[in-house]
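Please read them with the sequence and the structure open side by side.

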Amino acid sequence: MATNMQKLVGVSEEDDEEEMDVKEEDDEDEENGEKQIAAEMIMSVDGVMPSTSGSDQFQYQPQLQEQVSNQGGGGARRSRPLEEKERTKLRERHRRAITARILAGLRRHGNYNLRVRADINDVIAALAREAGWVVLPDGTTFPSRSQSLTPVAGTSAGMTSSSSQMVSQQTPPPPTTLQGVSPGYRTTVEYNACRMKGVFMPTPSPYDIPSTARAQSSGMIADGGEQTERLPLIAGSMEILNDKQIIGLPTKLPERDFAGTPHVPVYVMLPLGVINMKCELADPDGLLKQLRVLKSINVDGVMVDCWWGIVEAHAPQEYNWNGYQRLFQMVRELKLKLQVVMSFHECGGNVGDDVCIPLPHWVAEIGRSNPDIFFTDKEGRRNPECLSWGIDKERVLRGRTAVEVYFDYMRSFRVEFDEFFEDGIISLVEVGLGPCGELRYPSCPVKHGWRYPGIGEFQCYDQYMLKSLRKAAEMRGHSFWARGPDNTGSYNSQPHETGFFCDGGDYDGYYGRFFLNWYSQVLVNHGDRVLSLAKLVFDGTCVAAKLPGIHWWYKTASHAAELTAGFYNPCNRDGYSAIAAMLQKHGAALNFSCAELHVLEQQDHLREALADPQGLVWQVLNAAWDVCIPIASENAFLCHDRVGYNKILDNVKPVNDPDGRHFASFTYHRLSQLLMEKHNFMEFERFVKRMHGEAVLDPQV
């Protein structure tokens, strides 16, 4: 045990014995030196010091200071008894044991990747930096101006339109560089990725810096400690001149030059309500003007939702494509491309939804008499956002199964717009596979009270899903496992508050592994069934499926929010490789909507939720690249600034990728009057040029 403890704190037994081997008689200077060191140690840990007592583990600074002063009274020489020498050894070993436990806990649970020989100073510095303080290489510490700013509240964007990056990559700084992070620091995405074999990690860009550092300010420190000019603390040199620290920082960040890089098509997603409930264009003249403006900056095309609740609204197999016909003609005349989404879910009630488009009326009628066609939580609450996967092969929809309904809808679309497929106008068909069109369970419904960063709830309590669970339990030989877990908390619980998701919880027990395997396999099987039919209908056209970026609680062992959404991705298992293999089987592309990784304003909320959007993104991307499937993407949040666009570019076109991989396309979310404002549109035009590999002016931000 002692050996392991010494390895953690980076001190050998010989060093320990050498430190503890004091003479029986110390002269006055040595005693005074020991007192001074003890006082400095007390000050370095904020007045808290280990005690030899088992019941009272800590004594406070005033007490120890009083003891030190009493021991040194008069400066008289004295002999230290052997018992006191042994007590000193025990106190030191006790202190080292506590330090070892602190370091081990931070490494294991907080992803503080401290160096091997880390000491208490490294711990304090790491905690201070995470709290938003500036820690200089010489130990000088002061609060940053960003601490007075109120952070923007986090949302559920990862579920409805996914999430983005907490910018945290950083490289070890040279001795003359001021970065605010110790050289031994490793980011969480590097820590998580190093566990996976053959994982590509991108070279950090100038925009991969901690958001706390981005908000920090520095300037010339005057004699009285007053800061004159405030500049972003990103990178620079520090000099000492006339007892003053002068920090020279660049006022602009250099950008990557994307001239000559591969052409990545850029699409713009049309507004949700571009087609009204009568299947007519809501504002044809205004839309035509906007499309012409997009064409003028060489946008490749647009993406549009083809809503099941509009096209097949009133009766089974009665389809109305009139509004879409007019829209597609308009797009073709402007020589733009089309990406279409087969939207088999309702619109409204989620973050970002500004219109309400329910499921078809005849489906709602069936649901009133048989509510088990919808996903159901353990309290029996139904979610009519989309159909339960339990009825994929059940003939409960006027004599048809859910999969047959999806197939008939897609086949009608293919026949109706055959000329657009033949002419290559329609370049991609994204097939909706769940809520918000994403392949996931509706585990975090806002309408049922869920709020970020709740873990959500399992959605497997309709009679058809329970029937499938019962069958799986009987095949396993444990019929008593035909139930959902009963200790998973509620929608807004946190992992450590539950018996199922906490560290060492039931999720990793025999029953937990059985249940999660079944739950996640239902998700994969649903995607497999629907995509096999989509590939048959849209043969010769690229088909895609969309995955969400559920990044909160990613730093915990269980990854609770991912588990309730159907992704069996705890820290000891890759939950995305099976999905990537399923997509590869059907030649389908992956649309992953957690691409821009740009949530600087949400860093505090990301930290509280132990989130790691960047780590999640690179896990999913590597799972897709391992099986060589195309990757498309879209931004999760509104983006109109250059820093956000640069982050998207860095992820769409990874720098120094050994295989030269990049995304197949990018879809901007979404067309609006705000995007059309002059300054915003100029930035967007510049972004499009760089995505196309063209040269731009002013390569700085």
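1. Strand 10 and strand 11 (residues 337-343) are paired in parallel over seven bridges, where strands are DSSP runs of E of at least two residues, helices are runs of H or I of at least four residues, both are numbered from the N terminus, and two strands pair if DSSP finds at least two bridges between them. Within this pairing Met303 lies opposite Gln339 of strand 11.

2. This is a predicted model, in which local features need pLDDT of at least 70 and side-chain atom pairs count only at pLDDT 80 or more, while totals for chains, interfaces and linings use all residues. Residues are numbered from 1 along each chain as its sequence is written, and side-chain values use heavy atoms, with hydrogens and water left out.

3. Strand 9 (residues 266-269) also runs parallel to strand 10, joined to it by three bridges, and Met269 stands opposite Met303. Between these two strands the chain passes through helix 10 (residues 284-296), and the β-α-β crossover is right-handed, meaning that, with the strands pointing away from the viewer, the path from the first strand over the helix to the second runs clockwise.

4. Seven of the seven residues of strand 10 (residues 301-307) are buried, so the strand is largely enclosed by the rest of the structure; buried means under 20% relative accessible area, exposed over 50%, and partly exposed in between (1.4 Å probe, protein chains only). Both faces are covered, with Gly301, Met303, Asp305 and Trp307 on one side and Val302, Val304 and Cys306 on the other.

5. His345, in the loop between strand 11 and helix 13 (361-369), is buried at 7% relative accessibility. Leaving aside neighbours within four places in sequence, His345 has contacts (heavy atoms within 4.5 Å) with residues including Trp307, Glu385 and Gly437, and its side chain reaches the backbone nitrogen of Gly437 at 3.3 Å.

6. Among the 26 salt bridges found in the whole structure, each a side-chain nitrogen of Lys or Arg within 4 Å of a carboxyl oxygen of Asp or Glu, is that of Arg400 with Glu312, whose closest N and O atoms are 3.3 Å apart. Glu312 and Arg400 belong to a salt-bridge network with Asp408 and Arg411.

7. A salt bridge also joins Arg398 and Glu365 (3.4 Å, N to O). Here Arg398 is partly exposed at 48%, and Glu365 is likewise partly exposed at 43%.

How values were computed: A polar contact is a pair of N or O atoms within 3.5 Å; within protein, one must be able to donate a hydrogen and the other to accept it, and residues adjacent in sequence count only if both atoms are side-chain atoms.
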